[in-house]
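Hi,

Here is the structure I promised to pass on.

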Amino acid sequence: MKKLIAGTLVSIGIAVAAPLVTAQTANPAAEAPQGQHAQRHPHGERAFRLPGERAEARLAYLKTALKITDAQQAQWNAFADVQRKHARESDQRMQERRAQMEQRAKNARPNAVERMEFRQKMLAVQSQRLGELISAGKPLYAALSPEQQKIADELLAPRGHGKFRGRGRHHSA
């Protein structure tokens with residue numbers, strides 16, 4: 001049971017972090033963004049320009065879907081606060097990355113070593129965030145009823161929906 005919970009929480013962290021890293025490394029000026037994150041408003045603008053804009057909507061959806069009770073509110077608040085903190089940090093990193101990319105547009109593209117260093121930095125950030133998410137997620141998951149846990153398993157760590165694919169690589173689920 002502990003392995004199942006730990007595995008689920010690791011999957012949650014990866015599912016939450018993967019789209020953020022993809023968004024951070026994407027070219028914001030691209031005319032034709034790919035995938036489900038490319039949804040646009042009627043005026044041609046992205047629905048959410050930064051992760052923080054999406055975080056509150058996602059948290060509200062999760063809280064409603066999980067049917068968080070008053071007795072579970074403290075654990076939910078701790079989990080939601082970690083998610084909010086991560087969204088704020090992601091907003092800041094994304095804005096910094098956009099500024100760097102504008103600077104680089106005038107200069108040469110990053111070389112192989114610079115790209116590897118950036119990837120190393122992002123993996124370290126993901127690892128730290130995942131640790132925080134697990135610390136907040138374990139008490140929440142433990143406080144959920146079996147029915148709520150089933151919902152959490154589906155919503156917080158979906159399986160086989162392409163969330164765990166690396167760029168250009170396909171792994172079987």
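What pattern does the chain follow when read along the sequence? The answer is α-α-α-α-α, with the secondary structure coming to five helices and zero strands. Helices (H or I, at least four residues) and strands (E, at least two) are DSSP runs here, numbered from the N terminus.

Before the details, some housekeeping. This is a predicted model, so local features need pLDDT of at least 70 and side-chain atom pairs count only at pLDDT 80 or more, while totals for chains, interfaces and linings use all residues. Residues are numbered from 1 along each chain as its sequence is written, and side-chain values use heavy atoms, with hydrogens and water left out.

On to the overall numbers. The chain has 173 residues, and 29% of them count as buried (under 20% relative accessible area; exposed is over 50%, partly exposed in between, with a 1.4 Å probe and protein chains only). Its accessible surface comes to about 11,500 Å², with 54% of that belonging to carbon and sulfur atoms (Shrake-Rupley method, 1.4 Å probe; for residues, only the protein chains shown count as cover). Taking contacts (heavy atoms within 4.5 Å) between residues at least 6 apart in sequence, 74% join residues at least 24 apart.

Now the charged pairs. Searching the whole structure gives four salt bridges, each one a side-chain nitrogen of Lys or Arg within 4 Å of a carboxyl oxygen of Asp or Glu. Here are some of them.

Glu56 and Arg84 meet through their side chains at 2.5 Å, N to O. Because Glu56 sits in helix α2 (residues 51-66) and Arg84 in helix α3 (residues 73-106), this pair ties together parts that are 28 residues apart in sequence. Both partners are partly exposed: Glu56 has 41% relative accessibility and Arg84 has 27%.

Arg84 also forms a salt bridge with Asp81, at 3.2 Å, N to O. These two both lie in helix α3, three residues apart, about one turn of the helix. Asp81 is partly exposed too, with a relative accessible area of 45%.

Then there is Glu89 with Lys85, whose closest N and O atoms are 3.5 Å apart. Both lie in helix α3, four residues apart, again about one turn. Glu89 is partly exposed at 24%, as is Lys85 at 28%. As for networks, salt bridges that share partners join Glu56, Asp81 and Arg84 into one.

Cheers
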